[in-house]
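The structure under discussion is shown below.

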Amino acid sequence: MDVIKVLLLTDEAGIGGGQRHILSLARLLNAGRFEVIVGCPTEGYLGDEVRRAGIPHVDISLPAGPSPIAFLRTLAMLRSVRPGILHTHGGTAGFYGRMAALFVQGIRTVHTYHGIHYLNFRKGFRRWLYACIDKVLLRWTSGVICVARSDFEAGTRAGVVPGDASVITNGIDVDEFRPLTRVKVRNKKVGTIGRMHVQKGQEYLLEAMRRVIDREPSATLRIVGDGELMERLRAQAAGLGIAEHTEFAGARTDTAEQLSSMHVFVLPSLWEGFPIVVLEAMAAGKPIVATGVNGVSEILEDGVDSILVPPRDVERLAEGILRLLSSDDLADRLAARALDKVRRSFDVGTMVERTEKLYERALG
């Protein structure tokens, strides 16, 4: 069979679950069948990693808003690379990539929703516009992937995901975190990892930590990530009187090392796709408190392998953290069950194999 050129296109190269997903595909797709090229900005985690791995890379930056120049730049790139499959990740890349592919013969397009974020917006013009754009682009899209069943269901109800779309959940290399599962941390350190965006709910975690510290004065919080809310969150920590108990670590690429220092991992998100960082915390053997939203509830089960609480519920979030800080038996039991689940159900090889099958269907 001929080798098919696959262009994995994203508009964002900073560290995040979507970028780690793309990197897994780029590294593990069957080289005997697929020749992989990654299109993303040069500056950032993803650009650095694909070059370090020797994966062919095309430098392209795409603005969030409409731009004729960005469209022409994308069109020129596609005419130069001539992929058999264009696989777009994220709304901006999906817009420019799929629009430009209409003007290049022989390209089949696949689009992955890493969470359909605009469906979590309040109803208004922006949500309506994004939905209209996706509905139009579906006409020329050969395959759609949702990383969570909840996204598939919400997307089909909204008409932006076709009924024959594939649900391919994220996966990780569990063995990468194997050494951490032998390390038990008892230092009362609570940690979270994620970009500083309203979606991630760090403001509610800070409020919860005020209550945690009142009852566990030795507890500390480590926030790993960067983003538009950094200064606001720093000011909030100071205003709550917990600045001395809070570490802002910035964006980090050493996820395993960051997890190794945490006693309890917390994900306080308001909505999610299928968060890879939760899988990584499970693989690292960490007890988890998370909000039971979207894809999170497809991974974890409250009281069985984690503690799940409603989003924005500061009291329940604090209570869950305190339960794990005060009971090593509970923390160890939940962490062990989560580790067993991630080993059984969320292997990266399965994700890659199912994506390859979708490519073959799109080509057929």
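Which residues of α4 are buried? They are Thr 92, Ala 93, Gly 94, Tyr 96, Gly 97, Arg 98, Ala 100 and Ala 101, where buried means under 20% relative accessible area, exposed over 50% and partly exposed in between (1.4 Å probe, protein chains only). This is a predicted model, in which local features need pLDDT of at least 70 and side-chain atom pairs count only at pLDDT 80 or more, while totals for chains, interfaces and linings use all residues. Residues are numbered from 1 along each chain as its sequence is written, and side-chain values use heavy atoms, with hydrogens and water left out.

Because eight of the 11 residues of α4 are buried, this helix is largely enclosed by the rest of the structure. The cover of its buried residues includes β1 (4-10), α3, β4 (85-89), β5 and α5. Helices (H or I, at least four residues) and strands (E, at least two) are DSSP runs, numbered from the N terminus.

Across the whole structure, a search finds six aromatic pairs. Rings of Phe, Tyr and Trp (its six-membered ring) pair if their centres lie within 6.5 Å; planes under 30 degrees apart count as stacked, over 60 as edge-to-face and the rest as tilted. Two of the pairs are tabulated.

| Pair | Centre to centre | Angle between planes | Class |
|---|---|---|---|
| Phe 71 and Phe 103 | 5.8 Å | 80 degrees | edge-to-face |
| Tyr 118 and Tyr 130 | 5.8 Å | 70 degrees | edge-to-face |

Phe 71 lies in helix α3 (residues 68-81) and Phe 103 in the loop between α4 (91-101) and β5 (108-113), so the pair ties together parts 32 residues apart in sequence. Tyr 118, at 9% relative accessibility, is buried, whereas Tyr 130 is partly exposed at 33%.

Terms used:
Contact = heavy atoms within 4.5 Å.
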